[in-house]
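Please consider the sequence and coordinates shown below. The briefing that accompanies them is arranged by topic.

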Amino acid sequence: MKLSRFFWCVFWMLTGILIGTILGKLCGQFSFLQWLTVGQDISFSPAADLAILQFHMDLHFTLNLAQVVGILTGVLCYHKFEF
């Protein structure tokens, strides 16, 4: 039961991120809605050099205000439609 609740919470949050991303791209075209596209790039780049083996991994996140609104909307939908 707990796994199902976790799945639905992640589902609604990812849906909110996706809708927020789409809205952020669309709102960037209108000057009066460009405040929704204000965001921050976050990157994480760990590397390991073990003489014969090199390992690099890059993670990049771009988070804007429309995505944050989408995440919050997803969490609210999760609580409203709790299964």
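The structure is a predicted model. The protein contains two helices and four strands, arranged from the N terminus in the order α-β-β-β-β-α. Its radius of gyration is 18 Å, well over the 12 Å that the globule rule gives for 83 residues, so the protein is more spread out than a compact globule.

**Overall dimensions and packing**

- Along the principal axes, the C-alpha atoms of the protein fill a box of roughly 55 × 45 × 15 Å.
- Of the 83 residues in the protein, 14% are buried.
- When contacts between residues at least 6 apart in sequence are considered, 55% of them join residues at least 24 apart.

**Surface and charge**

- The protein has an accessible surface of about 6800 Å², and carbon and sulfur atoms account for 73% of that area.
- The charged side chains comprise 4 positive and 4 negative ones.
- The centres of these two sets of charges are 22 Å apart.

**Cysteines**

- A disulfide is a covalent bond between the sulfur atoms of two cysteines.
- With a cut-off of 2.5 Å between cysteine sulfur atoms, the count of disulfides is zero.
- Is Cys9 buried or partly exposed? Cys9 has a relative accessible area of 21% and is therefore partly exposed, given that buried means under 20%.
- Cys27 has a relative accessible area of 10%, so this residue is buried.

- Helix 2 spans residues 65–80 and includes Val75.
- The relative accessibility of Val75 is 27%, so Val75 counts as partly exposed.
- How far apart are Val75 and Trp12 in sequence and in space? They are separated by 63 residues in sequence, while their C-alpha atoms are 6.5 Å apart.

Methods: Residues are numbered from 1 along each chain as its sequence is written. This is a predicted model: local features need pLDDT of at least 70, side-chain atom pairs count only at pLDDT 80 or more; totals for chains, interfaces and linings use all residues. Side-chain values use heavy atoms; hydrogens and water are left out. The radius of gyration is taken over C-alpha atoms; the globule rule is 2.2 Å times the number of residues to the power 0.38. Buried means under 20% relative accessible area, exposed over 50%, partly exposed in between (1.4 Å probe, protein chains only). Contact means heavy atoms within 4.5 Å. Accessible areas come from the Shrake-Rupley method with a 1.4 Å probe; for residues, only the protein chains shown count as cover. Lys and Arg count as positive and Asp and Glu as negative; His and the chain ends are not counted. The place of a charge is taken as NZ of Lys, CZ of Arg, CG of Asp or CD of Glu.
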